[in-house]
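The following paragraphs go through one structure, from its domains to a chain contact and then to a pair of helices.

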Amino acid sequence: MVNLKINNIAISVEEGTTVLDAAKRLNFRIPTLCNHPDLSVAGNCRVCVVEIKGARLLAASCATPVSEGMEVFTNSEKVRIARKHVVELLLSEHNSDCTKCFKNGHCELQELASEYRIGDHVFLDLVKSKDKIQDISSPSIVKDNSKCIRCQRCVRTCAELQAVSALAVVHKGNHQSISTFLNKPMNDVVCTNCGQCINRCPTGALTERNYIEEVWNAIYDPKKFVVVETAPATRVALGEDLGIDVGSRVTGKMVSALKKMGFNKVLDTDFTADLTIMEEGTELLTRLKKVIVDKDETVKLPMMTSCSPGWIKFQEHMFPGMLDNLSTCKSPQQMFGALAKTYYADKVNIKAENMVVVSIMPCTAKKFECNRPEMRDSGFKDVDYVLTTRELAMMVKQAGIDFDKLEDDHYDSILGESTGAAVIFGATGGVMEAALRTAYELVTGHEVPFTNLNIKPVRGIEGVKEASIKIKNTVPAWSFLEGVELNVAVAHGLANAKKLMESIEKGETNYHFIEIMGCPGGCIGGGGQPIPTSPEIRRKRTDAIYAEDMGMTLRKSHENPEVTEVYKDYLGAPLGHKSHELLHTHYKARKRY
Amino acid sequence: MTNTENLILDLVEKHGRERNSLMPILQGVVSQEKFLSEEAMIAIARELDLSAADVYGTASFYTFLDTVPRGKNIIRVCKTISCHMRNKDEIIGVLEDQLKIKVGETTHDKRFTLLTANCLGWCHKGPVMLVNDEVYPEVTPQKAIEIVEEFMKKNN
C-alpha cells in the first residue's frame, strides 16, 4: 500500500493506482476529457492536472501513479488557473455552435466550460473551417473536425476495442487532426459503422447521422402509415436519456411514448428476434445434418450469427474468405421490415408504398444496414429510417412528453408479441442462449438442461466465452445428433471477434456455432445507446435485460404464438420458399485496403 | 507486381513484420521513391497487418516522410529563427527564381522540389540549406545558385 495525502486528507491505496483514482476514493472529482474507463491512458488533454508538493510542474492525474508521501492538491489556485486555461485553449479551437449541436447537453467540453464559467473567447479564435466540412458521406456516422479536441478517445476505441483503426492521428502540432486514411470520406474507408467512437467522443465531433426530421415528416404526412419497431436493448437504456436511473426497464413507457408521438402502430423487433431463432435454429440443424449425415463439404461450420451489422461489415472487410460461414438470416430489424411491407401491409390493408417503417435501435450500423441494396425484398426499402435510442429520447423530449410519468402500454398486434428469448438478444450471448433453448428442445423434445432455462456459461462480460452441450435422448428425426457434443462460442467487441476468427481460421477450434456482436457487451453497449458508457453501466443494462427475460411468461422463441401464426398464415415453414425470399440474404466481400 | 510492391517486399524481408519495422520500411521507400504513394502505404499496411490509416498517421507525423510526390532532388531551406535572421528569405527568393517554382512546389521536369524545414541544428552557421542528405552551411544567394547548378549539371 502507498500512503499519500490529497487536499490534506491521508489515504492509503494500492501501488499503481493513479492520482485520479485515489482522489475519486476521497470523493474529489477531478475533471477529465481524454480519460475513459474503457480505454488505455492517454494523458493528452491536461484538464485533470493537479499540483504535487515539491514538483515543478503540474501533473496529469490520470497518468500519474501515486507514490509514498505524495501531497496532492486538486483545487489549488495554480490548478484552477491552469485548468481554466486548458479549457479556454480547447475552446479557442472548438466550433461552439452548441444550440444546434446534436451533443448539446451531453457534451463533456460544454459541461466543463460551464462549470468554470468560460464563455467568450479569451484566446484568438482558431476554429478551422467553422460551419463547414462535416463528413456526411456515411449513413451512420457524421464526423465534424471543427468540434474535435484531439483527445484521441475515438482512435483508441477503434484500435483497442474494435481492432479496426479506421481513425488515426495524422500530422502534428497545429496541423494535427483525427483522420481516415488520406482523409478519405468515412463511407469509403474500412469502418464498420459500429459507432463506438461516438459513444466515447466527449464533444460533437462524432455523432450519428440523424433522421429525426424525416421521421416527424412521415408522422405528419396523412398519406403515410408509419409503423415503428423497437430493438431489445433500447428498452433497458432509453430511460437514461430521459432522467431515469441506469438499468431501469422502460418497455411499457417507451411503447406509450411512441403511441403518443403519433406512430400508427407500435410493434416489436423482439417478434422478429423470435422469428430469427426459428430460421437460424433450423439453418443450424440443417447445416449439421448436411455435414454429419450427407458429408456435404460445401456446407461450412461453424455457423456464425448475422444479427449485428457492424460485425457483418467487419467480416466482409477482414475475413471475406469465411462469408459462407455466416448465417444467411437477415437481422431481426430487416426481417421485420420485409414482413411489414408484405404480410403485415396486407393484414392491415395498407399499400406497401404508403407504409413507412421506422426502427429504434441501440445501433448506428443499422442505419447502414437498412440502406444496403440487398435489403429491398419487399419491393421497397424494407426499413425506411433507423433512429438510435438517443434520437428517440430527443424526439420524446421534443414531443413534450413527461416520460417518467407515463403509464405502461402494450405493443400492438400482430408483430408485437415476443418471448424472453428475444429480449436477451440485447446482451452478449443472448442470441446463442435463445437459439439453444429452441434448437435443443426441437431435437430432444426436452428443455435445455440449465436451471430456469438460464444458460449461464454464455452470459457475462468475458471477451470470448465457450460452452459445450451434450445432446441426449433425441427424437427420431434428429437421431443423427445423439451423443453429439455441441460446441459453441460467443464473442463481443470486434477486437475479441478478431481473436476468435483468427483461431477459427487457423483450424485451432472445433465449434459448431458462434455468436458475434460488434459492440462490447452486445447491443446494450451499442453505438446508438445513451452516453456515457462504462463497464458498470453495461453491467446494469445487462442485468435489466435478464430481468426482463425472467419476467416474461413465454421464454422460448418457438412458443411465440404470433410466430406460429405467421408461419401458418404466410411463411409456411422455416427456411421455406417465402422465408428464403424475404428473410434471408447474402453478403459481399469488401476490400480491407 | 509493381516496382513499389517489390521494393516493399524486399524491405519487409530485411526489417521484419513487427510494428517497430514500420519506420525503417517507410524510410526505405522514401529514399527510393522520394515519397509514400497511396499504393505504397497500402502495401506496407497489408504486409505489416496494420490499418492503412495507421500507416498514414505515422508517415504524416514526420516532415521527411512525404506523402505527396516530390522531385528527384529535394532542397530544404531552414526557416527557423537564426536562419531567418541571417536572410533565409533571400536564399529562398533566388532559388524560386532559379527553379521557377514556389516553396512547396516541384519543377515541371520533376528534378527539384523546394521546401522549407524546421531547425536543422546548424544555427551557428546559418543560413543553412539541405539538398537531399547533404548540408550546406553559411550559404549566400550566389552559393545557393551554384550548389543547385552543380545538381543540374549532374545528369540526374
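What distance separates the centres of domain 1 of chain B and domain 2 of chain B? Taken over C-alpha atoms, the separation is 28 Å. Domain 1 of chain B covers 3–61 and domain 2 covers 73–153, with bounds from an automatic or database domain assignment.

The model is predicted: local features need pLDDT of at least 70, side-chain atom pairs count only at pLDDT 80 or more, and totals for chains, interfaces and linings use all residues. Residues are numbered from 1 along each chain as its sequence is written, while chains are lettered from A and ligands numbered from 1 in the order in which they are written.

Chain B contributes twelve residues to its contact with chain A, and chain A contributes 14; two residues are in contact if their C-beta atoms, placed from the backbone, lie within 7 Å. On the chain B side, α3 (38–48) and α4 (52–61) each give two or more residues, helices being DSSP runs of H or I with at least four residues, numbered from the N terminus. The most come from α4(B), with seven residues. By class, this side has six nonpolar, three polar and three charged residues (Ala, Val, Leu, Ile, Met, Phe, Trp, Tyr, Cys and Pro count as nonpolar, Asp, Glu, Lys and Arg as charged, and the others, Gly among them, as polar).

Elsewhere in chain B, a helix pair can be followed. The contact between the two helices involves residues including I91(B) and V94(B) of α6(B) and A144(B) and V148(B) of α7(B). These contact residues divide into seven nonpolar, one polar and one charged.
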